[in-house]
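Please look through the model below with its aromatic side chains and its helix packing in mind. The explanation that follows takes these two topics in turn.

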Amino acid sequence: EQLADMGHADGVCGLGICLYEGRGGPADPARAVDLWKRVAEVQDHAESTYQLACAHFHGEGVPEDEVEACRLFRRAAEQDHQAAAYMMGDCLLEGVGVKQDRVEACMYLRQAGMLGHRGARSRYLSLMDDNGQKEIVGQNGQRFTDSSRQTLVA
């Protein structure tokens, strides 16, 4: 909290996470969002931008807004935030908050994998192994978006 009081971006972000999750006191997602928004906008802090995107994605502390979440995921991914790159790739793959784009999704999943995100590496490799197929049928007849079998076709 002292670092946050001094305006240190990581301190403000950390305080926001504590408030969001209710660590050390009652949860206050709206206050957490205000903190993340301040450092994301003023200091262009990647982790705060990512946390703010997650809040918009889940509708906690702010109204759910998948389009805004994707805008923020993209912004944090441009700063090499691995989880943001993964989420942006996933949103592009599924068409959540953005127009579905498998090629751009692969670009973000590859980026996240290169940054060390294991799930992104697995997802990217499964997409590359699918030989251009748009969906995979599982053993019990479920239809998946790719061979990672992480997302069912709607």
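A residue is called buried when its relative accessible area is under 20%, exposed when over 50%, and partly exposed in between, for a 1.4 Å probe and protein chains only. By that scale Phe73 is buried, with a relative accessible area of 0%, and Tyr50, at 15%, counts as buried too. This is a predicted model, in which local features need pLDDT of at least 70 and side-chain atom pairs count only at pLDDT 80 or more, while totals for chains, interfaces and linings use all residues. Residues are numbered from 1 along each chain as its sequence is written, and side-chain values use heavy atoms, with hydrogens and water left out.

A search of the whole structure gives 3 aromatic pairs, where rings of Phe, Tyr and Trp (its six-membered ring) pair if their centres lie within 6.5 Å, and planes under 30 degrees apart count as stacked, over 60 as edge-to-face and the rest as tilted. The ring centres of Tyr50 and Phe73 are 5.9 Å apart and the planes stand at 45°, so this pair is tilted. Because Tyr50 lies in helix α4 (residues 46-58) and Phe73 in helix α5 (residues 66-77), the pair ties together parts that are 23 residues apart in sequence; helices here are DSSP runs (H or I, at least four residues), numbered from the N terminus. Ring pairs link Tyr50, Phe57 and Phe73 into a cluster.

Elsewhere, the contact between α7 and α8 (heavy atoms within 4.5 Å) includes Leu109 of α7 and Tyr124 of α8.

How values were computed: Helix = DSSP H or I, 4+ residues; strand = E, 2+ residues; numbered from the N terminus.
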